[in-house]
Amino acid sequence: MIPEDLRYTAEHEWVAAVDGGAVRVGITHFAQDALGDIVFVQLPDEGAVVAAGEPLGEIESTKSVSEIYAPVGGTVTARNEALGDAPEAINTDPYGAGWLLEITPEDPAAVDGLLSAEAYRELTQS
């Protein structure tokens with residue numbers, strides 16, 4: 001389950017363009033499967049400035065706590081508030097209802113430097 005129309009990071013985040021120049025960020029099916037049952041998500045507040053490659057939050061599962069890394073630098077413009085009551089949406093629909101947040105990139109071209117679906121597939125199969 002690696003949608004072709006998304007970009008990916010080596011840390012298992014996915015990125016999709018949304019209206020207004022922002023990008024929506026989530027974790028991949030591969031990542032949620034490795035984590036197991038997700039029970040809590042900590043995300044930055046709207047307006048927070050994040051740096052590419054730096055931790056921006058955490059996902060807690062029944063197995064462990066994992067950091068979420070910013071795929072691009074920019075400003076957080078939205079967060080998925082529904083995850084507060086239903087973090088398991090990340091397990092059941094990682095590319096849909098389980099999205100984490102939206103970032104307006106300081107450099108929109110940075111998204112082009114992320115992994116393609118093919119490159120991410122190779123990463124996860126090695």
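Strands β2 (residues 13–17) and β3 run antiparallel and are joined by five bridges; strands here are DSSP E runs of at least two residues, helices are H or I runs of at least four, both numbered from the N terminus, and two strands pair if DSSP finds at least two bridges between them. This is a predicted model, where local features need pLDDT of at least 70 and side-chain atom pairs count only at pLDDT 80 or more, while totals for chains, interfaces and linings use all residues. Residues are numbered from 1 along each chain as its sequence is written, and side-chain values use heavy atoms, with hydrogens and water left out.

Back to the strands. Val15 sits opposite Val25 in β3. Five residues lie between the strands of this β2 and β3 hairpin, and Gly20 takes a positive phi near 85 degrees. β3 also pairs with strand β9 (residues 101–105), again antiparallel, over three bridges, and there Val25 faces Leu101. Strand β3 (residues 23–27) is mostly covered, with four of its five residues buried; buried means under 20% relative accessible area, exposed over 50% and partly exposed in between, using a 1.4 Å probe and protein chains only.

Now for helix α3 (residues 117–125), whose buried residues are Ala117, Tyr120 and Thr124. They cover an arc of only 65 degrees around the axis, so they end up on the same side of α3; the arc is that of the directions from the helix axis to the C-beta atoms. An α-helix has 3.6 residues a turn, so residues three or four places apart point the same way. On the other side of α3, Glu118, Glu122 and Gln125 are exposed.
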